[in-house]
Structures are given as structure tokens and as C-alpha cells.
Amino acid sequence: MDRRGMFHGALATAASFFGARAAAEETPMRVVYHLSDFEKADFVLHNMRVHYENAKGPVALALVVHGPAVRAFRRDGSGVTQERFAGLLKRGMSPYICAVALRGQNIEEKDLAPGFKITEAGTVRLAELQRDGYLYIRP
């Protein structure tokens, strides 16, 4: 291979490296937050807001709620929780709530804060999101 061929090969390698790096920087960081403790609802929502505000690049956040924490998302619940939740929805958060836990807490879909996607089993949804490349956080 002559010098010109080596130069073009090196140039092509560098271009593909930097192109792949630029593509990776545009790909959103995907993170799922796990919430099962009622007492931690406001804390977790606060952490998610901080995540959006401080991420270096695009981010896609999901929230999976199950267990006693489902009670925190009743329409008639805490104003702080409702405001934080609504703010996160506006930023594009994908919230999921466990149908098994809702039945266990005697909460109907109509009693929930608007915006949730109901999933039959919260733990299964957590596993699916992780399988799909989401990073897992349980504050």
C-alpha cells in the first residue's frame, strides 16, 4: 500500500470513529427509576427532575411504580407529588404503574393521577426495560 492509500485508510478510520462517537452522544441515556416505597415518592420524583436538569445530553426517563408506592399517585394525593409528577410528564417521562399493586391497594384507574401506563406486573416491566437497555436506579 502506498502512502496515499495509508493516508486515506487512516482518514476513513478516524472519520468512522468520530462519527460513531457523535452518534453515541446523540443517543439518549435511558434510565428507569424503581419506586415501591410510599414514603420515597417525592424523593424519587425530585431525583428524576434533577436528572433531567443535569444530564449532559438527551435523556429518556421511565418510572415504574408498584407496591405501597401506588398510593402516592392517587388523584386526591399530595399536591407536591402531583406537581412534580405533572412536571416530569411534560419533560417526556414514561410512567408505568403495576395493576397487581393497584388491586392490592383497592385503587382504580380512574382514581390515579393522569398519565400512567398500566402494566400488569411492575417487576416484569422493570426487567423488560432493563433488557431493552435502560439503566436501573432505585433511590
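This is a predicted model: local features need pLDDT of at least 70, side-chain atom pairs count only at pLDDT 80 or more; totals for chains, interfaces and linings use all residues.
Just after helix α5, Gly133 takes a positive phi of about 100°, where helices (H or I, at least four residues) and strands (E, at least two) are DSSP runs, numbered from the N terminus. Residues are numbered from 1 along each chain as its sequence is written, and side-chain values use heavy atoms, with hydrogens and water left out.

A positive phi also turns up at Asn106, with a value of about 55° although this residue is not a glycine. Asn106 sits in the loop between α4 (99-104) and β4, and at 67% relative accessibility it counts as exposed; here buried means under 20% relative accessible area, exposed over 50%, and partly exposed in between, with a 1.4 Å probe and protein chains only.

Let me turn to the sheet. It is open, with five strands in the order β4-β3-β2-β1-β5 and parallel pairing, and two strands are taken to pair if DSSP finds at least two bridges between them. The edge strands, each pairing on one side only, are β4 (117-119) and β5 (135-137), and the twist from one strand to the next averages 25°; axes are lines fitted to C-alpha atoms, for helices over the stretch in contact, and angles run from 0 to 180 degrees between N-to-C directions. Strands β1 and β2 run parallel and are joined by seven bridges, with Val64 in β2 as the bridge partner of His34. Between β3 (residues 94-98) and β4 the pairing is again parallel, over three bridges, and Tyr96 stands opposite Lys117 in β4. Five of the seven residues of β1 are buried, so that strand is largely enclosed by the rest of the structure.

Now to helix α2 (residues 41-54), which lies across β1 (29-35), β2 (59-65) and β5, running at about 170° to β2. Its 14 residues reach 20 Å from the first C-alpha to the last, close to the 20 Å expected at 1.5 Å a residue, the expected span being 1.5 Å times one less than the number of residues. Ala41, Val44, Leu45, Met48, His51 and Tyr52 are buried in α2, and because they cover an arc of only 110° around the axis, they are on the same side of the helix; that arc is taken over the directions from the helix axis to the C-beta atoms. What covers these buried residues includes β1, β2, α3 (79-90) and β5, with contact meaning heavy atoms within 4.5 Å.

Finally, which residues of α5 are buried? They are Gly122, Arg125, Leu126 and Leu129, and they fall within an arc of 105° seen down the axis, so they line one face of the helix. Their cover includes β1, β2, β3, β4 and β5. Arg125, found in α5 (residues 122-131), has a relative accessible area of 16% and is therefore buried. Leaving aside residues up to four places away in sequence, Arg125 touches Val64, Tyr96 and Thr119. With Tyr96, there is a polar contact between the two side chains at 3.2 Å, a polar contact being a pair of N or O atoms within 3.5 Å, where within protein one must be able to donate a hydrogen and the other to accept it, and residues adjacent in sequence count only if both atoms are side-chain atoms.
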